[in-house]
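Good morning, and thank you for coming.

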Amino acid sequence: MSTVDEVVGAVPAPVVLEHRPWWRSRAVLSALVVVGMLAGYYAAKGKYGWPAVLEWSSLKTHLDSFQIWLSDQSNETSPNLFFRIVNGISGGLDTLVRWLYDALTKLTWVGTTVVATLFAWRFGGLRAAAFMAGGLASFAAFGLWDESMQTLSLVLAAVALSLAVGLPLGIAAGRSERFDRALTPVLDAMQIIPAFAYLMPVVILFSVGPGAAVITTMIYSVPPAVRIASLGIRGVPSNTVEAAKALGSTGSQLLWKVQLPLARRMLLLAVNQTILFALSMVVIAGLIGGSGLGDPVTNGLNTNPAVAILAGAAIVIMAIMLDRVTEAIAERTDPTRRHLDEAGRRRARMTTIGVLVASAVAIGVGFAANAGDIYTRYTIADWLIARIQSVLDFIADPTTFSFQHITNPLGNFLTQHILLPLDTFLVATPWFVTVAGFVAIAFILSGLRPALVTAAMLGLIGLVGEWQSAMDTASQVLVATAISVALGVLLGVWAAESEKVSRILRPINDILQTLPQLVYVIPFVYLFPISYVPGMIASVLYAFPVVVRLVERGVRDVAPQAVEAAGAFGATRRQVLLKVKIPLARDAIMLGVNQGIIMVLAVVVIAGLASTPGLGYEVVQGLQRNEFGLGVVASIAILALGIALDRVTRGNQGNRRTREDVS
Amino acid sequence: MKVGFRKSHVRIGVVAVALAAVGVLVATNAATARNGASCGTVTLNEQAWAGSTANTYVTKYVLEHSLGCKVKITQIAEIPVYEALAHAKVDAVLEDWQHVDQYKQYATKQKSVVIEGSNGVNGHIFWGIPDYLMKQYPQFKTWKGLKGKESIFKSPESGSQGMFLGGDPSYVQKDKELIQALGLNFKFVSVGAEAAQTARWTQLVKQKKPVIFYWYTPQYLNAQYHIVEVQLPKIFKGCKEDAKAGGAVAQYRCAYSTYPLEKVFGAKFAKSGSPAVAFLKKFSWTNDQQNTVATWIAGLHMKPDAAGEKWVKANQAQVNKWLGK
């Protein structure tokens with residue numbers, strides 16, 4: 001959960017403050033473009049939608065027939081070699097997950113808890129052990145032990161395989177610029193294209209069950225492994241590499257003796273992030289037979305929302321538990337920090353033996369006491385569900401003061417005065433004016449190449465016939481990003497200035513990034529019963545923590561000399577902040593804007609499920625109404641929109657790709 | 001650094017030994033795992049609505065207690081579950097809302113699933129309004145009464161038009177086309193998944209405000225919130241049901257039909273001769289019965305297993321019929 005911090009810290013950003021007359025500043029020029037677009041809007045409101053001539057209307061049908069063909073092939077009585085191989089893979093993965101699950105359950109819950117806690121203690125220390133024990137105990141207390149173990153085994157399998165695939169690729173990308181460039185767009189696509197779009201092909205190829213769930217999870221959790229590993233290798237100081245080369249190291253010596261050991265921390269961070277990304281797919285994995293905590297989330301939404309929230313909480317707890325434990329293990333086992341003498345090593349050995357003996361005893365006790373495969377006793381699930389339910393009842397009550405006078409009016413205001421006007425503006429402005437406007441802004445803010453990419457992406461959206469939906473989505477994305485950035489910058493600066501705020505924000509950020517949005521989005525529908533708003537809130541809650549982390553890191557990393565110099569000239573703390581730190585952290589703040597957009601786009605589908613029209617709704621429809629073509633086309637549009645907005649807001653401070661791709 | 005390396009070898013060795021120990025334990029345990037009864041394991045798929053949960057847990061109780069089967073419940077989404085049935089990963093779906101395309105592809109063409117007939121429940125999609133509104137405006141009995149009155153359904157996102165609250169994107173629907181064909185001044189507002197739609201309209205109903213929305217029966221909420229139907233034009237020959245089919249809006253100018261909900265078995269399970277097959281084939285109950293159990297589960301938050309047991313114990317005669325006793 002600390003990717004962004006690490007990553008921004010890794011690359012020192014050159015800061016060049018520009019001096020231009022105010023009327024030629026980027027903001028003013030961009031504003032002029034917007035004025036131009038407004039003129040176009042009033043001149044020809046709703047007259048020029050994307051022309052049908054420029055649409056490839058048969059694309060959806062082609063995609064649909066492809067899916068039918070694939071299914072027919074796969075369900076033949078004797079499928080061909082390709083499908084037999086694919087079936088073999090999914091069978092193997094099923095077995096792997098089942099094996100892990102069996103191991104976790106057959107150890108009995110006593111055994112699993114003790115072994116895992118002692119393991120965390122031995123390699124991560126007391127704090128890690130406390131997190132492990134606390135996490136496992138809460139799964140038991142929530143009455144979700146079995147589901148948690150299913151999810152844990154799925155996540156462990158997916159993480160192991162993601163690392164097996166991702167780390168080598170990342171190391172290769174770290175050593176070859178060209179390979180990195182070729183890989184980046186693929187990774188972008190894997191992360192932005194919503195899982196709903198490829199769920200059906202995955203199911204046709206790999207059937208349903210844990211195997212298919214692992215594959216789907218991996219599509220999302222391989223990219224962070226690749227990116228962070230590549231970044232780690234790149235982060236090895238070039239003079240060290242040069243020195244090693246000068247001393248005559250071969251390529252493999254360079255890798256094994258210099259680059260890998262020095263990139264150790266980043267590689268461990270890759271492990272940690274992969275776990276978290278894998279956990280964020282739990283609900284989707286449940287839709288195709290992944291079982292585990294995703295099922296009570298999905299099912300609870302219609303039958304018992306309190307259960308869905310409880311299961312969501314278990315997912316968050318698992319994420320925080322695994323995050324803190326892996327982080328602690330990474331710290332403790334860092335060879336550069338450990339200098340054990342002979343006695344220390346002997347002690348460590350004794351501890352290991354002690355841990356093994358204690359584990360064996362625990363497993364034995366588990367069997368002897370016949371603790372059973374699954375923990376079912378002494379849960380506080382009913383009590384918790386009743387508490388959650390009472391909160392939900394309050395939320396769903398339209399007679400409360402907060403509903404009548406705060407949330408409902410606020411939601412109406414947002415919709416009527418911000419979201420709808422912007423939506424109408426983007427949808428009704430002639431398409432060529434919109435394209436020209438976006439491209440011009442991209443040119444002003446980011447330069448020629450990004451402007452060309454923006455033009456191509458907007459063209460692609462029109463070509464696949466998603467212009468109107470994409471404009472619906474774009475309006476929501478823009479508003480959600482604006483709110484996320486405002487909130488994120490404010491909190492980020494505050495956190496950078498105050499250690500206390502920073503400590504409070506970290507767990508909140510962790511929760512918001514791993515709690516499945518489906519869990520909290522429905523309560524927001526009760527609070528803001530109006531389309532657009534609940535989906536937008538979900539986007540903001542997911543996006544602003546990233547902005548906070550980036551901005552906090554950026555402001556903290558401002559060169560101390562600059563701050564000291566300002567202090568020496570007698571600047572107040574406020575002046576230092578406003579005149580020195582924030583301007584110097586401009587880079588990180590711009591990156592925050594950019595990342596905010598990407599994160600908001602990642603929630604578009606969930607927003608579609610929670611009442612927001614646009615591309616997300618179509619992607620859901622694609623899966624659930626068997627309109628494969630529609631889902632794919634809408635996903636392409638989401639990807640194109642993401643790339644276009646990324647380019648518009650990228651800014652032109654040189655090559656920033658390596659940094660922004662990570663989270 | 002070198003020391004660290006040797007150290008880690010030791011550690012790897014230790015971990016390997018531990019894993020091996022675990023492996024042995026698992027293996028010995030698996031060997032003693034219980035053998036299934038003659039019925040074996042039956043995998044039922046529970047869909048994400050309360051009626052489906054009711055079907056699944058009532059049959060689960062009977063399968064376990066009268067036939068000695070082991071029941072596994074999966075929760076796979078409606079369309080992917082067809083692949084699961086085809087691959088024999090799921091044995092039966094007890095309530096399918098007429099996925100005609102899938103019937104063609106999987107049952108007729110591939111013969112990988114079998115449509116086993118109705119579960120007794122009749123599904124019907126309609127335009128719903130709360131009964132207090134019907135009392136206030138008796139003309140809403142048919143769609144014609146809505147004409148000219150659309151603006152009472154105004155909402156912040158519908159501008160000067162009335163708001164029509166659309167259904168879950170995964171359900172069969174044609175409301176945009178209907179609104180256009182009937183010349184009503186409604187703005188179709190999509191509200192996302194069923195849970196979100198429910199949140200939206202229940203919030204309005206609790207405040208006794210006007211609302212008109214896509215809805216369906218059997219649904220346990222209908223009784224709780226007194227939802228009544230607005231009559232749409234009569235069904236004519238060739239009238240289309242699902243906007244997915246495309247074509248002119250005039251072809252959609254009719255009510256949604258009422259149809260039986262189907263049981264769908266995987267081909268392998270259907271041919272397996274398991275006693276579970278005979279029972280599930282006979283399983284059939286009414287909308288009211290399903291609603292009762294659904295209300296227990298979703299409305300009163302009873303545990304699904306307990307609800308299944310309660311219903312079976314109270315309706316032993318009907319259950320015996322399903323069992324062919």
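This is a predicted model: local features need pLDDT of at least 70, side-chain atom pairs count only at pLDDT 80 or more; totals for chains, interfaces and linings use all residues.

Please begin with chain A, where helix α3, residues 59-74, meets helix α31, residues 628-649; their axes come within 7 Å and cross at roughly 120 degrees. The crossing of α3(A) over α31(A) is right-handed.

Sorted by class, the contact of α3(A) with α31(A) comprises 7 nonpolar, 2 polar and 2 charged residues.

Helix α16, residues 305-332, and helix α18, residues 381-395, have axes that come within 9 Å and cross at roughly 115 degrees. The pair α16(A) and α18(A) is therefore classed as roughly perpendicular. Here too the handedness can be stated: α16(A) passes α18(A) in a right-handed crossing.

From α16(A), the contact draws on P305(A), A306(A), V307(A), I309(A) and L310(A). From α18(A), the residues are A381(A), L384(A), I385(A), I388(A), Q389(A) and L392(A). How many of the residues in the contact of α16(A) with α18(A) are nonpolar, polar or charged? There are 10 nonpolar residues, 1 polar and no charged.

N509(A) sits in helix α23, residues 499-514. Is N509(A) buried or exposed? Its relative accessibility is 3%, so N509(A) counts as buried. Leaving aside residues up to four places away in sequence, N509(A) touches P545(A), V548(A) and R549(A).

I now move to chain B. This chain contains 13 helices and 9 strands. Of the 325 residues in chain B, 55% are buried. If we take the contacts in chain B between residues at least 6 apart in sequence, 71% of them join residues at least 24 apart.

For this audience the cysteines may be of particular interest. A disulfide is a covalent bond between the sulfur atoms of two cysteines. How many disulfides are there over all chains? The count comes to 2.

One of them joins C39(B) to C69(B), with an S to S distance of 2.0 Å. The torsion about the S-S bond of C39(B) and C69(B) is about 95 degrees, so this disulfide is right-handed. It links distant parts of the chain, the two cysteines being 30 residues apart. C39(B) belongs to the loop between α1 (2-31) and β1 (41-45) of chain B, while C69(B) belongs to the loop between α2 (50-66) and β2 (70-74). With a relative accessibility of 8%, C39(B) counts as buried. C69(B) is likewise buried, at a relative accessible area of 6%.

There is also a disulfide between C239(B) and C254(B), whose sulfur atoms are 1.7 Å apart. Is the disulfide of C239(B) and C254(B) left-handed or right-handed? The torsion about its S-S bond is about -90 degrees, so the disulfide is left-handed. C239(B) and C254(B) are 15 residues apart, and each is found in the loop between β8 (227-230) and β9 (258-266) of chain B. Both C239(B) and C254(B) are buried. With the bonded cysteines counted along the chain, the disulfides of chain B follow the pattern 1-2, 3-4.

Finally, I would draw your attention to the backbone of chain B. Where is there a cis peptide bond? It joins T217(B) and P218(B), and omega is about 5 degrees. P218(B) is located in the loop between β7 (212-217) and α8 (221-225) of chain B.

Positive phi values also occur in chain B. Q98(B), although not a glycine, has a positive phi of about 50 degrees. The position of Q98(B) is the loop between β3 (92-96) and α4 (100-109) of chain B. H226(B), another residue other than glycine, has a positive phi near 50 degrees. H226(B) lies in the loop between α8 and β8 of chain B. With a relative accessible area of 45%, H226(B) is partly exposed.

Thank you for your attention.

Methods:
Residues are numbered from 1 along each chain as its sequence is written. Chains are lettered from A and ligands numbered from 1 in the order in which they are written. Side-chain values use heavy atoms; hydrogens and water are left out. Axes are lines fitted to C-alpha atoms, for helices over the stretch in contact, and angles run from 0 to 180 degrees between N-to-C directions. Helices (H or I, at least four residues) and strands (E, at least two) are DSSP runs, numbered from the N terminus. Angles under 35 degrees count as roughly parallel, over 145 as roughly antiparallel, 65 to 115 as roughly perpendicular and the rest as oblique. A crossing is left-handed if the near helix is turned anticlockwise from the far one by less than a right angle, and right-handed if clockwise. Contact means heavy atoms within 4.5 Å. Ala, Val, Leu, Ile, Met, Phe, Trp, Tyr, Cys and Pro count as nonpolar, Asp, Glu, Lys and Arg as charged, and the others, Gly among them, as polar. A disulfide is a pair of cysteine sulfur atoms within 2.5 Å. Buried means under 20% relative accessible area, exposed over 50%, partly exposed in between (1.4 Å probe, protein chains only).
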